[in-house]
Structure formats: C-alpha cells, structure tokens
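Please look over the structure shown here, and then read the short briefing that follows, which is arranged by topic.

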Amino acid sequence: MALSVERAASRREYKVKDMSQADFGRLQIELAEVQMPALMSFRSVFGPSQPLKGARISGYLHMTPQTAVLIETLTALGAEVRWCSSNAFSTQDHAAAAIARDSAAVFAWKGETLQEYWWCIERALDWGPGSGPDLIVGDGGDAILLILEGIKAEEAYKKTGNLPDPASTNNPELQILLTIIRDGMQTDPKRYHKMKEGLVGVSEATATAVERLYGMQAHGTLLFPVINVNDCVTKTKFQNLCGCRPSGPDGLLMAADVEIAGKVAVVCGYGVVGKDRAAALKEAGARVIVTEIDPICALQAVNEGIQVQTLEDVVSEADIFVVTAGSSKGIIMVDHMRKMKNNAIICNVGPFDNAIDMLGLETFPGVKRITFNPQTDRWVFPDTQSGVIVLAEGRLVNLGHATGHPCSVTSSCSFANHAMAQLELWMERDTGKYEKKVYVLPKHLDEKVAALHLGKLGAKLTKPNKEHAD
C-alpha cells in the first residue's frame with residue numbers, strides 16, 4: 001500500500017480526500033460553533049493564557065464539523081494536534097479538508113480501507129523519530145491498542161529476537177496491525193516504549209474502551225492515566241435526554257431506500273442507544289421488536305409497549321435489524337442472515353464491526369457482493385439467490401450514512417469534557433495527582449463544563465449565600 005502524506009502551505013502534514021472542499025468545510029464548522037457553546041466559551045476563558053502550549057495531542061475521533069470545533073479549541077489553547085477518524089466511514093471530507101488547511105494535521109477520509117484506516121492512526125501518533133503524543137483524545141481504543149500491541153511486540157523481540165509475524169493470525173485486521181508494528185520496529189525497535197514513556201494521559205469517551213481500560217487497571221497492566229469522559233454527568237444526562245435520537249432522518253432512514261412505515265424492525269439491545277433507535281423507528285411507523293439479555297432492560301421495553309423476543313424467533317419475519325449492543329460481538333451471524341427475508345436491512349449503531357458477522361459473510365463460499373450506493377451493499381447467497389442489505393459494512397451507521405453528531409447539546413457536552421480532561425491532565429502532569437488508573441472527570445470540572453454552556457444559552461445561575469451553601 002503506497003500512501004504518503006502531503007503538506008499544507010503551513011508545512012503541516014495531512015492526507016484527506018479533496019482539499020478543494022475546505023471552504024465548504026469551514027462554513028460547516030462555523031455553523032457547528034454556534035451549536036457548541038461550551039467549547040467557544042473554553043476559547044474565551046482559557047485561550048489568552050495558552051495553558052496547552054507545548055502539548056502534542058493525538059486525536060482519534062470521528063472527523064466531523066463538531067469534532068473540528070474541538071480540534072480548534074485545543075489549538076486555540078496552545079496545543080499542536082494530529083488527528084484521525086475512529087471509523088473508516090465517519091469522516092466528513094469537507095471538515096477534514098478545512099482542518100488540514102487551517103489548523104491541524106489530519107489523516108482521514110470517508111471510505112478508508114482497513115489498511116488505510118490503520119495507516120491514518122499510525123500517522124496521527126507519529127510526531128517524528130523517537131517522539132509520540134503527550135496526550136490522546138480517544139474514542140474507541142484503537143490508537144491505544146496500537147501502542148499496547150507495539151509494546152508487547154517490542155518486549156517479545158527483546159527476549160527472542162523475533163519480529164511480529166502477521167501470518168501468525170487469520171484475523172485480517174490484526175495482520176495489518178502486526179505489519180505496521182513490524183515495519184516500524186525495523187526502524188526503531190523501541191518506538192512504542194518511547195511513545196508510552198512520553199504519554200501524559202488519555203481521555204476516553206466510549207463505554208467499550210472504558211470497560212477495557214478498567215480491566216487493565218484491575219490486572220495492573222494499565223500503562224498511563226486515563227480520564228473516563230464517557231461517564232461524566234454532563235454527558236450521560238444529556239445523552240439520556242437526546243442521545244442518538246435524530247431530529248431528522250438518521251443514518252438508517254437515509255441509507256435504506258425503502259419505506260420504514262409498516263416494516264418489522266428488530267432492535268438488538270435496549271440500553272440508552274437501543275431505546276433511541278426503537279423510538280426513531282417507531283416514530284417512522286415501524287413495528288418494533290427488541291431482543292435483550294438484561295431482564296431490567298427487557299422489562300423497560302415491555303412497559304413501554306414493545307415486544308421482546310429472541311432473534312431466532314423473529315429472524316425470518318423482520319425487514320430491518322439494528323444492532324445496538326456496542327461492546328458485544330457475534331450478535332447477528334451469517335447463519336441468521338441466511339434465514340432473513342430477501343433484502344432485509346442490517347445495520348449497527350455500535351462502534352465495531354464484529355457485532356455483525358462481517359467476516360463470516362465476506363468469506364461465505366460463493367457469496368456475491370453488489371454495491372449500489374456508497375457503504376450500501378447487497379450480499380447474495382449462491383444457493384438461494386436471496387440477499388441481505390448491509391449498511392456501512394457493519395460499522396457505525398449514523399456516522400457512515402448521516403451527519404454524525406446530530407445532537408448539538410450532546411456533542412457540546414461530550415467534546416467539552418474531552419477538552420477539560422486534556423487540560424486537567426496537562427496541568428497536573430508534574431504533580432503526581434493522576435496515577436496509572438482510570439478516573440472520572442472530577443465533579444467540580446464536570447460542573448464547570450455545564451457552567452460554560454450557560455452564558456451562551458441565556459441562563460443565569462442563582463448564587464447561594466453562605467447559609468444555603470452550608
């Protein structure tokens with residue numbers, strides 16, 4: 001794979017699809033700024049003192065206009081930034097072009113192959129020979145995974161003299177990862193150890209990655225401080241209010257060129273995201289059925305008038321299948337797909353593509369793939385000539401097919417939490433306050449994120465007197 005970086009007029013590196021879209025991207029970013037009051041307040045409150053000056057931040061998060069506002073907030077506070085998307089289909093190319101031209105090194109475009117996706121992550125982490133980021137903005141854990149697997153390979157090489165062997169696994173993605181690590185070690189066999197030693201900390205926003213990081217902490221294998229911004233009150237409160245429920249058509253409705261009304265839709269999982277999906281489909285006129293392993297979530301669904309069944313009970317009668325169980329794998333398998341109606345639609349609103357058995361589908365003997373729209377594929381089985389339609393190759397559909405971050409309040413809170421966590425980690429880097437553990441953003445900083453919204457929203461807080469405060 002021959003990919004190479006390009007350079008903007010500022011000499012910043014970048015790799016995007018089309019720099020001619022930068023002006024349109026700037027317009028979209030300016031619109032997003034209006035919807036993200038906390039980050040704009042960040043700039044006015046903290047910008048003059050340049051508290052992130054000298055910080056090198058690598059970001060791994062969907063490259064959308066809303067993310068661009070976060071990037072330019074970090075640079076406004078003095079940081080240097082390198083960025084990639086956390087999903088091969090989630091980049092909005094106009095936003096990537098604008099950021100590459102104006103403010104930060106970006107390596108992202110919509111429709112990356114797996115090889116290109118991992119190449120972009122490697123570029124975002126690469127700050128020159130022997131250098132890595134001081135801080136990481138995380139959204140799913142793949143950037144961290146590359147560092148951890150690199151360290152593991154370097155330790156094995158030190159003991160045995162053997163470089164990583166991509167042929168040692170039949171997992172295509174792991175083969176790519178091991179190839180990147182092997183090739184890098186031939187230049188610098190301590191590259192990832194150096195990267196780890198220089199890493200001040202990480203802010204992480206996804207439940208799945210946070211669970212894994214807590215697991216590392218429990219086993220004593222976590223190598224750097226982490227602030228979990230997924231569980232900040234200012235994120236969870238507003239996610240519960242507006243979560244992923246669209247104000248207009250979401251990725252599923254936009255991508256599937258069919259009427260939703262009257263269709264049978266199965267939502268796999270009834271957590272926060274599942275409720276939002278079920279509500280959106282129900283509002284569009286679908287008859288919704290939920291599959292669930294948690295009795296409390298199942299009871300909530302029943303109490304809200306939604307039927308709860310097993311996937312096996314409904315696989316042959318439903319028209320639409322939506323997987324919402326983000327940290328689970330193997331929810332819809334190729335054997336399920338073979339039992340589905342012709343042209344049943346399958347999509348995923350979780351971050352990874354192994355909740356749907358894409359590998360089993362892609363390697364099924366004689367299966368035929370027909371692409372009739374970007375990230376919209378019909379897979380036809382040879383024995384029945386019946387097919388299923390899979391959106392965004394089984395990855396996050398609302399970022400693959402729609403505009404990514406539709407709820408301005410949720411994005412504003414979530415991204416402000418990231419900015420606050422990055423600032424906190426950097427300002428406390430020499431104090432010993434943060435050990436190699438997972439922390440939640442301190443309460444007073446969570447409240448600060450909320451407060452940064454209020455002035456732009458026309459709200460005034462009542463200040464308690466001492467008696468009330470006591």
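**Cores and sheet**

Leaving aside its neighbours within four places in sequence, F42 is in contact (heavy atoms within 4.5 Å) with G47, T73, L77, A416, A419, M420, L423 and L452. This is a predicted model, in which local features need pLDDT of at least 70 and side-chain atom pairs count only at pLDDT 80 or more, while totals for chains, interfaces and linings use all residues. Residues are numbered from 1 along each chain as its sequence is written, and side-chain values use heavy atoms, with hydrogens and water left out.

**Nonpolar cores**

- F42, M63, L74 and W83 touch the most other members of the largest nonpolar core, which has 53 residues; such a core is a set of buried Ala, Val, Leu, Ile, Met, Phe, Trp, Tyr and Cys residues joined through side-chain atoms within 4.5 Å, where buried means under 20% relative accessible area (1.4 Å probe, protein chains only).
- Among the elements that give two or more residues to this core are α1 (22-34), α2 (37-46) and α19 (443-454), whereas α18 gives the most, with eight residues.
- A second, separate core of 34 residues includes F107, Y117, A124 and I176.

- Strands β3 (residues 56-60) and β4 (residues 80-84) pair in the parallel sense over five bridges, and the bridge partner of R56 in β4 is E80.

Methods: Two strands pair if DSSP finds at least two bridges between them. Helices (H or I, at least four residues) and strands (E, at least two) are DSSP runs, numbered from the N terminus. Buried means under 20% relative accessible area, exposed over 50%, partly exposed in between (1.4 Å probe, protein chains only).
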